[in-house]
Amino acid sequence: WTNPNAPANDEIWYTNGSTTELTEPNKPAAFGGATIQSNTYDAEKECWVIKFNKDVTVVGEQAFKSCDRLTSVTIPDSVTEIGVAAFRYCESLASVTIPDSVKTIGVQAFQFCSSLASVTIGNSVTTIGNAAFDYCKSLTSVTIPDSVTTIGTGAFNNCKSLKTVYCKPTTPPAGGENMFYGNASDRKIYVPAGSVDAYKAKEYWS
């Protein structure tokens, strides 16, 4: 069974506010050995489709860095890693869907994505890298799945609109300095009821 609302494993879907002007990846070779075959607008899906010669396993280092017209990206279920600075400085990027296959969100992966208001973090992510969402100043809420074991230094630093963090792991993830520094003044972090004391005792959570 194939979900018609999700890309095939050899595709990445995106929007950029245009139906005629494509967005080219900053580093077309940064997709785990998969080679781009086409990059065309699909009127039925209402998005652009990047077609590769084989399954995409990685959205690698700086793959879409500074592609500042991107407005949304949907990543296929074959991808296990979002690389270092993969979407850094994508200043128009408003929404991202990270599938359950992804285990690592790299350092600075979405740093300075100032329009990012919605991010779905898949249920297999174990590591959110240093400054991964640093300066995502439009992000208002984030849910950290119970698979996460490590959140890096400054991961959600300077997310000035971030008001709500749902942290599902019962064991507090290893944290880094300034994980949630510079959020909205009334920001709240919700954790499992039985884990409150553990979070209060944990370095960088307390």
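Biologist: How many positive and negative side chains does the chain have, and how far apart do the centres of the two sets lie?
Modeller: The chain has 16 positive and 20 negative side chains, with the centres of the two sets 7 Å apart. Lys and Arg count as positive and Asp and Glu as negative, while His and the chain ends are not counted; each charge is placed at NZ of Lys, CZ of Arg, CG of Asp or CD of Glu. Please keep in mind that this is a predicted model, in which local features need pLDDT of at least 70 and side-chain atom pairs count only at pLDDT 80 or more, whereas totals for chains, interfaces and linings use all residues. Residues are numbered from 1 along each chain as its sequence is written, and side-chain values use heavy atoms, with hydrogens and water left out.

Biologist: Why is V73 called buried?
Modeller: Buried means under 20% relative accessible area, exposed means over 50%, and partly exposed is in between (1.4 Å probe, protein chains only). V73 has 2% relative accessibility, and therefore counts as buried. V73 lies in strand β5 (residues 72–74), where a strand is a DSSP run of E of at least two residues, numbered from the N terminus. Leaving aside neighbours within four places in sequence, V73 is in contact with residues including W13, Y14, F87 and L93, contact meaning heavy atoms within 4.5 Å.

Biologist: Why is T15 called partly exposed?
Modeller: The relative accessible area of T15 is 22%, so T15 is partly exposed. T15 lies in strand β1 and, leaving aside neighbours within four places in sequence, is in contact with E46, C47, R69, L70, T71 and S72.

Biologist: Which residues touch the most other members of the largest nonpolar core?
Modeller: A nonpolar core is a set of buried Ala, Val, Leu, Ile, Met, Phe, Trp, Tyr and Cys residues joined through side-chain atoms within 4.5 Å. Of the 52 residues in the largest one, V59, F64, F87, F110, F133 and F156 touch the most other members. The largest share of this core, three residues, comes from β3.

Methods: Helices (H or I, at least four residues) and strands (E, at least two) are DSSP runs, numbered from the N terminus.
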